[in-house]
Amino acid sequence: MITLSGVGVSRNGRPVLSDIDLRLAERRIGVIGANGSGKSTFARLLNGLLLPTTGTVAVDGLDTAKDGKAVRRKVGFVFQNPDSQIVYPSVGEDLAFGLKGRGLSKPEIAGRIAEVLERQGLAGSENQLIHELSGGERQLVALAGVMVMQPDVLVLDEPTTLLDLSNTRRIATAIEAFDGQVLMVTHDLSLLAGFDRVLVFEAGRLHCDAPPAEAIASYLDLCR
Ligand SMILES: Nc1ncnc2c1ncn2[C@@H]1O[C@H](COP(=O)(O)OP(=O)(O)OP(=O)(O)O)[C@@H](O)[C@H]1O
């Protein structure tokens, strides 16, 4: 359960998110809204990448401002641009990076990596060099790098923006297969089919909080 209480965020003295009070417990939650409406700011609050200017954000009772490390163990974050989070030259090295700090043995690390890669249609690609992968494959590796850490919650900020239809489908399938909670910022409304709840942001405020069909209708109304 993620709880936001009286949350506001100011940047350079200007409010970019205001008056957010939410309890987020559903398995699949979408976040939509116009450019600059505050979606990425909201997403970054959820794992403590960004701290609120006012109010509190808590994940299973852990305050992101006080227990940032514990929160980031629970909440994995996937950036829009995979190059923001891939650090090592090969797929296997990159996926092993976070696991090495968890005290796992080498065989355990190799096992977990193989399992995640297989699930994402990248079986056996441990030695593949990242710079030889397509943008879509890099995005899948970035997602695998977060999933291999087995977070309880996956926050994704426009994970398919750079991708063609086929890679978008691969990402959507990988996300569907994830057991935990998913919060996804997206401009691709088709990805929200089957979601439990969708939040619509408008000018830094929560404009609508409803099931997908109602939320999308309210967003389309805003765009008229
Ligand atoms: N680092 C920053 N410093 C100052 N202002 C920022 C910063 N990051 C975001 N903002 C401002 O906060 C507002 C909300 O930005 P945010 O990135 O959350 O919007 P968004 O809904 O994710 O937009 P998009 O759909 O274009 O990604 C914008 O007006 C933006 O200019």
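**Helix α4 and its surroundings**

In this predicted model, helix α4 is followed by Gly 121, a residue whose phi is positive, near 70°; helices (H or I, at least four residues) and strands (E, at least two) are taken as DSSP runs, numbered from the N terminus. Residues are numbered from 1 along each chain as its sequence is written. Because the model is predicted, local features need pLDDT of at least 70 and side-chain atom pairs count only at pLDDT 80 or more, whereas totals for chains, interfaces and linings use all residues.

Helix α4 spans residues 106-119, and its 14 residues reach 20 Å from the first C-alpha to the last, close to the 20 Å expected at 1.5 Å a residue, where the expected span is 1.5 Å times one less than the number of residues. The buried residues of α4 are Ile 113, Val 116 and Leu 117 (buried meaning 20 or more other C-beta atoms within 10 Å of the residue's own, exposed 12 or fewer, with C-beta atoms placed from the backbone). They lie on the same side of α4 because they cover an arc of only 100° around the axis, the arc being that of the directions from the helix axis to the C-beta atoms. On the other side of α4, the exposed residues are Pro 107, Glu 108, Gly 111 and Glu 118. The cover over the buried residues of α4 includes α3 (91-100) and α5 (135-147).

The chain averages a pLDDT of 93, with 100% of the residues scoring at least 70, pLDDT being the predictor's confidence in each residue, from 0 to 100. The model scores ipTM 0.95 and pTM 0.93.

Notes
Contact = placed C-beta atoms within 7 Å.
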